Amino acid sequence: MKAAPFDYVRASSAEVAVEALRGGGVALAGGQSLIPLLNARSRRPRVVVDVSRLPLTGIEQDGPALVLGALTRLRAAETSPVVRRTVPLLAEALTHVGHVSVRNRGTVGGSVAHADPAAELPAVFLALDAVFSVLGPAGTRVIAARDFFLGRHRTALAADELLTGIRVPLPPPTARHGLAELSRRPNDLAVTAVFTSVVLVDGVVTDARIAVAGAAPTPIRARAAEELLRGRAPTPDVLAAAAEAAAAATDPVDDVHAPAAYRRDMAAVLTRRALREAVAG
């Protein structure tokens, strides 16, 4: 199928892009998510605003945070020594995002703004308490990841706002991460995926982060499971209880890929695996 007719604007600046987004426009970055939607006519924008050549790229450590330009290619972030050194959970999660050909074109901000609940990056940024910089007619504002994802392909971005950057607080040097993902084929969108970060001091969990993708209309933080871990030794029984708490926080639906009950069961299984990996270091 071919896309419905639309006007095309190549933005020369972020401000021009914001103006062009008014009145039914949609931003085109890497196009890995948008083009299929246009071709299926799931999206029928009046204007496609090409932002792919804007200077919103870059990866740097800014004090206690990793800063990513929204148009940074996924592959560039995946292979960045800075990302691997400072936020290894993000670096590992990026290897699961599509295939290399997709990551060569797709952008970090595009994945976030697309807000697929089964995608890896929204869940990782939720786990790491990232904040997103957004430009609109009134200027720049920041939105915490916990407030950004509102539903399947729905975010807190206004129609005339553009995501420009992501700021990720650096995990402590002693943080250990774990990742477990189930997909129908390698590098497909996850049926369910779990991303964890754990800090251990003298054998006791002092901090825990657990985010689940593919098990609700948005990525979720399993905060009850996190609280269950804090202040306790990560014994098999404690990890199993945290996994059940994470599964209880999910709100999956039946679809062509898996029934809701299966996704919930897998959330428990994958949380247990990811936590074991994190604890093992």
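Let's start with Val-205, which sits in strand β13, residues 204–213. Strands here are DSSP runs of E, at least two residues long, and helices are runs of H or I, at least four residues long, both numbered from the N terminus. This is a predicted model, where local features need pLDDT of at least 70, side-chain atom pairs count only at pLDDT 80 or more, and totals for chains, interfaces and linings use all residues. Residues are numbered from 1 along each chain as its sequence is written, and side-chain values use heavy atoms, with hydrogens and water left out.

Is Val-205 buried or exposed? Its relative accessibility is 2%, so Val-205 counts as buried. Buried means under 20% relative accessible area, exposed means over 50%, and partly exposed lies in between, using a 1.4 Å probe and protein chains only.

What does Val-205 contact, leaving aside neighbours within four places in sequence? The list is Val-198, Val-199, Leu-200, Leu-229, Arg-230, Gly-231, Arg-232 and Pro-234. Contact means heavy atoms within 4.5 Å. Take Pro-234. It is 29 residues from Val-205 in sequence, yet their C-alpha atoms are 6.8 Å apart.

Now follow one of those partners, Gly-231. It lies in the loop between α10 and α11. Gly-231 is exposed, at 57% relative accessible area. Beyond residues up to four places away in sequence, Gly-231 touches Val-204 and Val-205. Compare Glu-92: it is 139 residues from Gly-231 in sequence, and 27 Å away, C-alpha to C-alpha.

Next, helix α11, residues 236–248. Its 13 residues, at 1.5 Å a residue, should span 18 Å. The expected span is 1.5 Å times one less than the number of residues. The end C-alpha atoms are 18 Å apart, which agrees.

Which residues of α11 are buried? They are Val-238, Leu-239, Ala-242, Ala-243, Ala-245, Ala-246 and Ala-247. An α-helix has 3.6 residues a turn, so residues three or four places apart point the same way. What covers the buried residues of α11? The cover includes α10 (223–229) and α12 (260–280).

On to helix α8, residues 120–127. Here 8 of the 8 residues are buried, so α8 is largely enclosed by the rest of the structure. Among them are Glu-120, Pro-122 and Phe-125. Just after α8, Asp-129 takes a positive phi of about 60 degrees.

One more residue: Thr-107. It is in the loop between α6 (100–105) and α7 (108–114). At 4% relative accessibility, Thr-107 counts as buried. Not counting residues up to four places away in sequence, Thr-107 touches Ala-29, Gly-30, Ala-70, Leu-71, Thr-72, Arg-73 and Leu-74.

Now the whole protein. How many helices and strands are there? There are 12 helices and 14 strands. The radius of gyration is 19 Å, close to the 19 Å that the globule rule gives for 281 residues, so the protein is as compact as a globular protein of that length. That radius is taken over C-alpha atoms, and the rule is 2.2 Å times the number of residues to the power 0.38. Along its principal axes, the C-alpha trace spans about 60 × 45 × 35 Å.

Of the 281 residues, 50% count as buried. Last, contacts with a separation of 6 or more: residues 24 or more positions apart account for 62% of them.
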